[in-house]
Amino acid sequence: MAEAVAPLRRRTVRVAPFVWGVAVLGAALAAGVALGAVSLPVRAVVLELLDRLPLIDVESGLDARQSAVLWQIRAPRVVLAGLVGGTLAVAGGAYQGVFRNPLADPYLLGVAAGAGLGATVVIASGGGGGAVLTVAAFVGAVAAVVATYALGRAAGGRSTATLLLAGVTVAAFFTAVQTFVQQLASDTIREVFAWILGRLATVGWADVRLVLPFAAISTAVLIAHRRHLDVLAVGEEEAQTLGVPTTRVRIVVVLAATLGTAAAVAVSGLIGFVGIVVPHAIRLAAGTSYRIILPLGFVGGAAFLIVADLVSRTIIAPAELPIGVITAFVGAPFFGFILRRSIQS
């Protein structure tokens, strides 16, 4: 047993994957703010960004209209896409580690169903959008997780299997209630489905400020537990023998991942597959240690969703595709590939 765990202690984290990840993220950020329905010169955008740094004063050449497009429309959307993508990717990697299930994703435990119900109630009642819709989705997501934990404890089990079954039950119930609400206000079905498929079209800096603290706390907690997830991968009994408080670690990791997922869903709708595609891509390219998967997952998830959002708003411009459609085009075949590998292994 000690021999099996020893490689975890000696393993060093390579720097090269992080350098490549940061480079890809930088390219995605530059493309995201420069390209769109209103094209902005890349060189001018770079100079404009540099001009906002302390002690740097350069002239970008952007006029007032272009500057407004950059800072009031394009930049907050790109930043929010990065935050949401990074948070979902880290949460996905953490779920896969804590449940020891390569197919786990951030929408476990009824998070998506709860957020969908909260958003549907607001849309169907004409309660408005923006902050009200975001808060309702967040409250619904948290309520679903609380209900899942309550049901799991009432069932008398603390295993991950019991928790997952409780999540499936709660998700089914919340989805049924959501469908009932939609039927009562059938004229809002189009708007509801637009939210469910994911959207970043109406974001502003307020949305970034709303999700930032939750994303930061969730990501920091999960990355702080990356070594524990490596030990859990060896096995429950081995982890306990090594002094890892497995029950506490599982609870903290699941709560942190769910908090980040709920915040991301609240501002962007339901964007699937990010939490599956990115962690598995990192496993294939950089290694299986969670010391790599979680921090690099945030960088890769941010870049992935920024690029997906760029495609969603340019492929049929001036119209936009829901960003969830783009991630599904990439994620569904990738999910099939991972499923096949899991069955064969």
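Arg 77 pairs with Glu 320 in a salt bridge whose closest N and O atoms are 3.0 Å apart. A salt bridge here requires a side-chain nitrogen of Lys or Arg within 4 Å of a carboxyl oxygen of Asp or Glu. Because Arg 77 lies in helix 4 and Glu 320 in the loop between helix 14 and helix 15 (323–344), the pair ties together parts that are 243 residues apart in sequence. Glu 320 is partly exposed, at 37% relative accessible area. Helices (H or I, at least four residues) and strands (E, at least two) are DSSP runs, numbered from the N terminus.

The side chains of Asp 309 and Arg 313 also meet in a salt bridge, at 3.4 Å from N to O. These two residues are four places apart in helix 14, so about one helical turn separates them, and both are buried. A network of salt bridges links Arg 77, Asp 309, Arg 313 and Glu 320.

## Asp 230 and Arg 291

The structure holds four salt bridges, and one of them joins Asp 230 to Arg 291, with the closest N and O atoms 3.8 Å apart. Asp 230 belongs to helix 10 (residues 226–232) and Arg 291 to helix 14, so this pair ties together parts that are 61 residues apart in sequence. Both Asp 230 and Arg 291 are buried.

## Nonpolar cores

A nonpolar core is a set of buried Ala, Val, Leu, Ile, Met, Phe, Trp, Tyr and Cys residues joined through side-chain atoms within 4.5 Å. The largest such core has 85 residues, and Tyr 95, Trp 195 and Val 274 have the most contacts inside it. Helix 4 (residues 64–98) supplies the largest share of this core, 16 residues. A second, separate core comprises five residues, among them Ala 113, Leu 117, Val 170 and Phe 174.

Contact means heavy atoms within 4.5 Å. Apart from residues up to four places away in sequence, Val 274 touches Gly 85, Leu 88, Ala 89, Pro 279, Phe 304, Leu 305 and Thr 327.

## Surroundings of Thr 148

Thr 148 is located in helix 6 (residues 131–154) and counts as buried, at 0% relative accessibility. Its contacts, leaving aside neighbours within four places in sequence, are Leu 109, Leu 163, Ala 166, Gly 167 and Val 170. Leu 109 is 39 residues from Thr 148 along the chain, yet their C-alpha atoms are separated by 6.2 Å.

## A nonpolar surface patch

Val 42, Val 46, Leu 50, Leu 53 and Ile 56 form a nonpolar patch on the surface, with about 370 Å² of accessible area together. Patches consist of residues with over 30% relative accessible area and no salt bridge, like charges being joined within 9 Å and nonpolar side chains (Val, Leu, Ile, Met, Phe, Trp, Tyr) within 5 Å. Accessible areas come from the Shrake-Rupley method with a 1.4 Å probe; for residues, only the protein chains shown count as cover. Leu 53 sits in the loop between helix 3 (42–51) and helix 4 and is partly exposed, with a relative accessible area of 42%.

## Confidence and conventions

The protein chain has a mean pLDDT of 84, and 92% of its residues reach 70 or more; pLDDT is the predictor's confidence in each residue, from 0 to 100. Among the elements, helix 1 (residues 2–10) has the lowest mean pLDDT (46) and helix 14 (residues 290–314) the highest (94). Over residues 1–10 the pLDDT is below 50, and this stretch has nine contacts in the model beyond near neighbours in sequence.

Residues are numbered from 1 along each chain as its sequence is written, and side-chain values use heavy atoms, with hydrogens and water left out. In this predicted model, local features need pLDDT of at least 70 and side-chain atom pairs count only at pLDDT 80 or more, whereas totals for chains, interfaces and linings use all residues.

How values were computed
Buried < 20%, exposed > 50% of the residue type's maximum accessible area, 1.4 Å probe, protein only.
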